Amino acid sequence: QVELVESGGGLVQAGESLKLSCAASGSLFRINAMGWYRQAPGKQRQLVAVMTSGDASNYTDSVKGRFTISLDNAKNTAFLEMNSLKPEDTAVYYCNANVKPWSWARANDYWGQGTQVTVSS
């Protein structure tokens, strides 16, 4: 149905930057929103940032002013620009998309496989 493929994770030092990408493919009648979640070891998955197809965005407080989410609607791709990274940003980052796969189908949430971001101090 819907596949999300993430890329761009890696190991960086504190203060450096990374840019994550998430490309959606498959049955994409309408993408309502795309976002990024993260899960650190021993912690619950939390929302990092989300953007709707109408360009409304929301960020968790800890990343405001450092992270920027954007969507390329023509390419069905979401990006997360992460600047001034901190060790506490270390986590597996998951792409999420709320997608209506066909005109007659309800919208569902889909997840990518996750990409590791590690920030060393």
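Predicted model: local features only at pLDDT ≥ 70, side-chain atom pairs only at ≥ 80, totals over all residues.
E1 and strand E3 (residues 18-26) run antiparallel to each other, paired over six bridges. Zooming out, the sheet is an open one of four strands, ordered E1-E3-E8-E7, and the pairing is antiparallel. Its edges are strand E1 (2-7) and strand E7 (67-72), each of which pairs on one side only. From one strand to the next, the twist averages 15°. As a general point, strands of a sheet pair through backbone hydrogen bonds, either parallel or antiparallel.

Glu6 also turns up in the surroundings of Tyr93, being one of the residues Tyr93 touches. Tyr93 itself sits in strand E9 (residues 91-100). Is Tyr93 buried or exposed? Tyr93 counts as buried because its relative accessibility is 0%, and the cut-off for buried is under 20%. Leaving aside residues up to four places away in sequence, its contacts include Leu20, Trp36, Tyr37, Arg38, Val48 and Phe67. Leu80, Met82, Gly114, Thr115 and Val117 are among them too.

| From | To | Distance |
|---|---|---|
| Tyr93 side chain | Asp89 backbone oxygen | 2.6 Å |
| Tyr93 C-alpha | Ser103 C-alpha | 30 Å |

So what does the side chain of Tyr93 reach at 2.6 Å? It's the backbone oxygen of Asp89. As for Ser103, Tyr93 and that residue are ten residues apart in sequence, with 30 Å between their C-alpha atoms.

How values were computed: Residues numbered from 1 in each chain as written. Heavy atoms only, no water. Helix = DSSP H or I, 4+ residues; strand = E, 2+ residues; numbered from the N terminus. Buried < 20%, exposed > 50% of the residue type's maximum accessible area, 1.4 Å probe, protein only. Contact = heavy atoms within 4.5 Å. Polar contact = N/O pair within 3.5 Å; in protein donor to acceptor, adjacent residues only side chain to side chain. Pairing = 2+ DSSP bridges. Axes fitted to C-alpha atoms, helices over the stretch in contact; angles between N-to-C directions.
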